[in-house]
Amino acid sequence: FVFMETSTLAFINQYDVRPNRLFYEYLIYPKEVFTTLIKGDPIGLLILLVEAICLPILFRKVLKKYYSDFFNTGWLTRALAFIVLVPFTILAARGTLSPRPFNISSVSFSTTRLANELALNSTYSMLYSLYREKKEKDPTKFYGKVDINTALDLVRARIAPFNKTFDNKNLPLERLEEPITPVKKPYNVVIFMQESLGAEYVGHLGGLPLTPHLDAISKEGLTFTNMFSTGTRTVRGLEAIVASFLPTPGPSVVKLEKAKTDFFTIAKALKQKGYTTEFIYGGDSNFDEMKSFLIGNGVDHFYDQPTFKNPSFTTEWGVSDEDLVYKANEVFKSHGDKNFFALLLSTSSHHPWEYPDGRITPYEQPKNTFNNAVKYADFAIGELFRLAKKEEYYKNTIFVVIADHSTRVFGDEFVPVRKFHIPAVIVGPNVPKMVYEKPASQVDIAPTVLALSGMEVTQSGLGRNVLRLPESDPGRAVMQYYNNFAYLLGNDVIILKPNEEPSYFTLKDFNLINTKAKFSFLEEARANAILPWYLYDHKKY
């Protein structure tokens, strides 16, 4: 441990972070590493070598002196000590008394990366880096290789069919998003992500009559009737909606090291235009490392459970959705005339589906069911708009209501497309009142909203501004189910499976129908499966 902390000084001086994967990756070049150390920091190297020899000897003497008597005690004493010490050992491993264990996001408090790094210790930092690296998966090993330049050309042609200029070699998807309607004062942006809200529970999408407020709001702006989530977890929705990033095998980039800073997000794009940026969440923002991802990529202010004073109702996931929207309204009012971006994330439709009495007429009995929790979440959506419409900021704000994913996915299909169908609604000034019926993806939200913001914005998203697509465009969506990758173009679907031949389907009523035809866009499907990993791994996003 002391060895790691001492070597950290030189490592930070070189890389501006605590020891990470580079600390052990470069050990395959011992000659170059030790030559550099000897010439660059001979005193530091000498100290490390002395420590490596002396500390084990010293610790052995200390341990032998103070603990030798203990091991001569009887088995009963040792058994009792064991029973007492185990809970403390488990607590030490968890690192916290909160319901979720410590993770690297738990120490994220600053927009300065090094400040967050210093709150860790180097042993943890390096081992956690190794843990994450083992979970990273290169899609070329699953789906076959595509020339990167070819992949870039195919993806660019699909995301920006109008002659966009891509002239940044370091960020090959960076382009200028022009406003649909230029305005003198740009619009605020609020994205309200709904937990587990699949289309099957949404009235205006043909689902159960659980969402009267969202159904009413859908008539006020741009409504997507064929919006698809990219995955089945909240972090997948987060990376898609906020970062306009397509899924990769293994964990979401929200949890991966190279995406913790210098990664494109809509928050970062708007922050560069002078916006205040914030994340408002009724639970623990460290869950799934959301905070460390957002704080390193454009979000400056966090309002999570500890910031809610005297909430009206609390569950194991955090405060209720109505507490969330009441807090959000107060935060929005506090900005005055200053532009802001806010990401809200609901919790009430998460198991165990608890919510306060007297807010809704239950859809069914008993009270604590998913359907009733969805109806309560919809009540909170209605409350947000009821409160906002009384305030000045409402006239200058674009609101997005969209699900992070649907409920738990079941079925034998390679990719059960029906369970990826979700609601999405955009309302606000100069947002057209229309229904977009073609397939769309969560990644399309950021580019479309940036175009609606009323100003020119530089963006690098893998999504598309759906309001600028040609009439001939068939619509596109991407879905990942475990390691199966579905690419939907119009009604045609290609599914890429690890180390197998692609499968071809036609989508009818959200069901996959086998087809003998082999669609011509296979290389485009592979490009969309492989390029996101390349952009992440080479820090080109």
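Buried here means under 20% relative accessible area, exposed over 50%, and partly exposed in between (1.4 Å probe, protein chains only). The model is predicted: local features need pLDDT of at least 70, side-chain atom pairs count only at pLDDT 80 or more, and totals for chains, interfaces and linings use all residues. Residues are numbered from 1 along each chain as its sequence is written, and side-chain values use heavy atoms, with hydrogens and water left out.

Start with the whole protein. Buried residues make up 54% of its 541 residues. The C-alpha trace spans about 75 × 55 × 50 Å along its principal axes.

Switch to cartoon. The protein has 17 helices and 18 strands (DSSP runs numbered from the N terminus: helices are H or I, at least four residues; strands are E, at least two).

Now show the aromatic rings. The structure holds 29 aromatic pairs. Rings of Phe, Tyr and Trp (its six-membered ring) pair if their centres lie within 6.5 Å; planes under 30 degrees apart count as stacked, over 60 as edge-to-face and the rest as tilted.

Select Tyr143 and Phe485. Their ring centres are 6.1 Å apart and their planes at 45°, so this pair is tilted. Tyr143 sits in helix α8 (residues 140-143) and Phe485 in strand β15 (residues 484-489), so the pair ties together parts 342 residues apart in sequence. Both Tyr143 and Phe485 are buried.

Next, select Phe385 and Phe399. With centres 5.0 Å apart and planes at 45°, this pair is tilted. Phe385 belongs to helix α15 (residues 370-388) and Phe399 to strand β9 (residues 397-403). Phe385 and Phe399 are buried.

Finish with Phe245, Phe263, Phe264, Phe293 and Tyr541, which form one aromatic cluster.
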